[in-house]
Amino acid sequence: MSETDQTLIETRFLRLIKRGRWEFVQRANASGVVCLFPLTRDYRVILVEQFRPPVNSPVIEFPAGLAGDIAGQEDELLETAALRELEEETGYAAGRIISLGSTVSSAGLTDEAVHFFLALDLEQVAEGGGDESENITVHSVPFAEVEDWLKAAEARGCLLDARIYAGLYFLSKHVPTTS
């Protein structure tokens, strides 16, 4: 927060900030946000589906979550949070994780930046599905079929998170082309 920022409202998870004439949202309980683009050794994309109350629909997403949101782990490294979220949400552990950099998620609404990781050489070690506050369905989709699969998910009423497109771009660099 800047010295000139004014907190208008603060809840357990969010705070509404006024900076000059601009109002925006900050996370109140995290030090960062991570999103993973997981790919199995046989080129399957791991996606998650969960109901999101703000849009009142199920949303297809890449696994993602917060860093520093667990009491006593406020200084959690982004990479540590990424590996934790991957296993918690999907049940997969990554043999390799590659940092891809950060992007802002919605610069007119929030100061939040999301840090992307490529997760490769996955091994399923648990069932996944999220923590006690989540109800996540894990999908394993062959990369070659992911566009059709996403269209079918939309046809059944799911929304697609915008990070899907960034993830598919980065994953495409790790899938052999067939020509």
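**Group meeting talk: a walk through the predicted model**

Hi everyone, let's start with overall shape: a compact globule of 179 residues would have a radius of gyration near 16 Å, and the protein chain has 17 Å, which agrees. That radius is taken over C-alpha atoms, and the globule rule is 2.2 Å times the number of residues to the power 0.38.

Before going on, some housekeeping. This is a predicted model, so local features need pLDDT of at least 70 and side-chain atom pairs count only at pLDDT 80 or more, while totals for chains, interfaces and linings use all residues. Residues are numbered from 1 along each chain as its sequence is written, and side-chain values use heavy atoms, with hydrogens and water left out.

Back to the fold. Along the principal axes, the C-alpha atoms of the protein chain fill a box of roughly 55 × 35 × 35 Å. How many helices and strands does the protein chain have? There are three helices and 11 strands, taken as DSSP runs numbered from the N terminus (helices are H or I with at least four residues, strands are E with at least two). In sequence order, the pattern reads β-β-β-β-β-β-β-α-β-β-β-α-β-α.

Now for packing. In the protein chain, 38% of the 179 residues count as buried; buried means under 20% relative accessible area, exposed means over 50%, and partly exposed is in between, with a 1.4 Å probe and protein chains only. Taking contacts with a separation of 6 or more, 61% are between residues 24 or more positions apart, where contact means heavy atoms within 4.5 Å. The accessible surface is about 10,200 Å², and carbon and sulfur atoms hold 50% of that; the areas come from the Shrake-Rupley method with a 1.4 Å probe.

A word on charge. The protein chain carries 15 positive and 29 negative side chains, and the centres of the two sets lie 6 Å apart. Lys and Arg count as positive, Asp and Glu as negative, and His and the chain ends are not counted. Each charge is placed at NZ of Lys, CZ of Arg, CG of Asp or CD of Glu.

On to the aromatics. Rings of Phe, Tyr and Trp (its six-membered ring) pair if their centres lie within 6.5 Å; planes under 30 degrees apart are stacked, over 60 edge-to-face, and the rest tilted. By this rule there are four aromatic pairs. One of them joins Phe 37 and Phe 62 edge-to-face, at 5.0 Å centre to centre with 70° between the planes. That pair links distant parts of the chain, 25 residues apart: Phe 37 sits in strand 4 (residues 32–38), and Phe 62 in the loop between strand 6 (57–61) and strand 7 (64–67). Are these two buried or exposed? Both Phe 37 and Phe 62 are buried.

Tyr 169 and Phe 170 are also edge-to-face, because their ring centres are 5.2 Å apart and their planes are at 70°. Tyr 169 is partly exposed at 46% relative accessibility, and Phe 170 is partly exposed at 23%. Phe 37, Phe 62, Phe 116, Tyr 169 and Phe 170 form one aromatic cluster.

Finally, a few single residues. Glu 154, in helix 2 (residues 146–155), is 94 residues from Ile 60 in sequence, yet their C-alpha atoms are 8.8 Å apart. Which residues have a positive phi without being glycine? Among them are Asn 56, with phi near 55°, and Asp 121, also near 55°. Asn 56 lies in the loop between strand 5 (44–52) and strand 6 and is exposed at 58%. Asp 121 belongs to strand 9 (residues 113–124) and is partly exposed at 25%.
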